[in-house]
Amino acid sequence: SAKEVFENFRIMRIEQDENIPLDEHGVLYCSKWQDEIEIHITRGLDLNIWDEAMSKLAQIVQEDEGIKNVKGKSWVAYKHPAFFKKYGFHVSEIKDEEELKVIRANFDEGMKEHINDPISLAEMSREEFLKRWLKK
């Protein structure tokens, strides 16, 4: 189907950029920078995908002792802070114009209509993340 072709292409692009897909549809993926892992959201997020992605991310964080912080910077976090807070993230609006320019320059395709929306940071420590998401 056209949807499967799109999802396969999205996952291929994520992996080419040396990022890690977190669900089978490529809706959520992550990138690592120094001691932080950043969650990226593309079009199509729902609760099942979120749960699948967070479980996979917990395995990645568990296996890499160098990761100290899990975060995401998104208009989604600004628009739905209660969702992120419910899952243990600390949410704060990003006001720094230079930082906002960098984030917006890296928006994924399909998210461009939100290019001028406010953006928030959702983050939590490694310990908090693993306590919440690592399946025993």
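Residues are classed by relative accessible area as buried (under 20%), exposed (over 50%) or partly exposed (in between), using a 1.4 Å probe and protein chains only. The model is predicted, so local features need pLDDT of at least 70 and side-chain atom pairs count only at pLDDT 80 or more, while totals for chains, interfaces and linings use all residues. Residues are numbered from 1 along each chain as its sequence is written, and side-chain values use heavy atoms, with hydrogens and water left out.

A salt bridge was defined as a side-chain nitrogen of Lys or Arg within 4 Å of a carboxyl oxygen of Asp or Glu. The count by this rule is 6 salt bridges. Helices (H or I, at least four residues) and strands (E, at least two) are DSSP runs, numbered from the N terminus.

One of the salt bridges joins Lys 32 to Asp 64, with an N to O distance of 2.9 Å. Lys 32 belongs to strand β2 (residues 28-33) and Asp 64 to the loop between α2 (47-63) and β4 (69-74), so the contact ties together parts 32 residues apart in sequence. Lys 32 is partly exposed at 44% relative accessible area, and Asp 64 is partly exposed at 22%.

Glu 113 and Arg 43 also form a salt bridge, at 2.9 Å from N to O. This pair links distant parts of the chain, 70 residues apart: Glu 113 is in the loop between α5 (97-105) and β6 (120-125), and Arg 43 in the loop between β3 (36-41) and α2. Glu 113 is exposed, at 51%, whereas Arg 43 is partly exposed, at 46%.

Within helix α5, Lys 101 and Glu 98 lie 3 residues apart, about one turn of the helix. Their closest N and O atoms are 3.5 Å apart in a salt bridge, and both residues are exposed.
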